[in-house]
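Subject: Structure handover and findings

Hello,

Here is the structure for you to look over. Please open it before you read the notes.

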Amino acid sequence: MANAKLEWVAPGGGRQSYILPVNFSWDYQELLEDNSDWQRALDGSLRSYVQKLKACWTLKFKYIATAQKEQLTALKQAQVEVDFFREASGPKTFTAVWSNDLDFREVAPGLWSGTMVLVEV
């Protein structure tokens, strides 16, 4: 698999991009998430609010360098929508938000592990 790419508009207005190293490529999951709201009324009838299925990718990073962790941390702190490209030179896969908490932890001196959950908007 080729390297993936993230693109976003920084809070200052400039478009930025970051090509991810391959170190996550075999640890992602491509899921469709059902966010529909299903509830029962008092009379027992089913009420629902149906939404379309959304793509949800979990990217797991293992033993990444501090520079890459800092780049991803800056993206998370910007709290912006991200265009995800499965392959850096290919078409956009989807636009997403980073939905999980920042969970990168130092697992060895200068090496970090953590996850990025991207949910389609």
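Below are the notes on rings, charges, the core and the surface.

This is a predicted model: local features need pLDDT of at least 70, side-chain atom pairs count only at pLDDT 80 or more, and totals for chains, interfaces and linings use all residues. Residues are numbered from 1 along each chain as its sequence is written, and side-chain values use heavy atoms, with hydrogens and water left out.

**Aromatic rings**

A search of the whole structure gives 4 aromatic pairs. Rings of Phe, Tyr and Trp (its six-membered ring) count as a pair if their centres lie within 6.5 Å; planes under 30 degrees apart are stacked, over 60 edge-to-face, and the rest tilted.

One of the pairs joins tryptophan 57 and phenylalanine 94. It is tilted, with 6.3 Å centre to centre and 50° between the planes. This pair links distant parts of the chain. Tryptophan 57 is in strand E6 (residues 54–65) and phenylalanine 94 is in strand E8 (residues 94–98), 37 residues apart. Strands (E, at least two residues) and helices (H or I, at least four) are DSSP runs, numbered from the N terminus.

The cut-offs are under 20% relative accessible area for buried, over 50% for exposed, and partly exposed in between (1.4 Å probe, protein chains only).

Phenylalanine 94 also pairs with phenylalanine 84. Their ring centres are 5.7 Å apart and their planes lie at 45°, so this pair is tilted. Phenylalanine 84 sits in strand E7 (residues 82–85) and phenylalanine 94 in E8, so the pair ties together parts that are 10 residues apart in sequence. Phenylalanine 84 is buried, at 0%.

**Charges over rings**

Two lysines sit over rings. The criterion: NZ of Lys or CZ of Arg within 6 Å of the ring centre and within 35 degrees of the ring normal. The charged end of lysine 5 is over the ring of phenylalanine 85, 4.6 Å from its centre. Lysine 69 lies over the face of tryptophan 112, 4.1 Å from the ring centre.

**Salt bridges**

How many salt bridges does a search of the whole structure find? It finds 5. Each is a side-chain nitrogen of Lys or Arg within 4 Å of a carboxyl oxygen of Asp or Glu.

Lysine 5 bridges to glutamate 7, with the closest N and O atoms 3.0 Å apart. Lysine 5 is buried at 14% relative accessibility. Glutamate 7 is buried at 16%. Glutamate 7 also meets arginine 15 in a salt bridge, 3.1 Å from N to O. Arginine 15 is partly exposed, at 48%.

Lysine 69 bridges to glutamate 70, with the closest N and O atoms 2.7 Å apart. Lysine 69 is buried at 11%, whereas glutamate 70 is partly exposed at 41%. Salt bridges with shared partners join Lys5, Glu7, Arg15, Asp83 and Lys92 into one network.

**Nonpolar core**

In soluble globular proteins, nonpolar side chains tend to be buried together. The largest nonpolar core here has 22 residues. A core is a set of buried Ala, Val, Leu, Ile, Met, Phe, Trp, Tyr and Cys residues joined through side-chain atoms within 4.5 Å. Leu6, Leu72, Met116 and Leu118 have the most contacts inside it. The elements that give two or more residues to this core are strand E1 (5–9), E6, helix H1 (66–78), E7, E8 and strand E10 (111–120). E6 gives the largest share, 5 residues.

**Surface and strand E4**

Tyrosine 63 also lies in strand E6. It is exposed, at 55% relative accessible area.

Tryptophan 38 is in strand E4 (residues 37–40). It is partly exposed, at 47%. Its C-alpha atom is 4.5 Å from that of serine 48, a residue 10 positions apart along the chain.

Best regards
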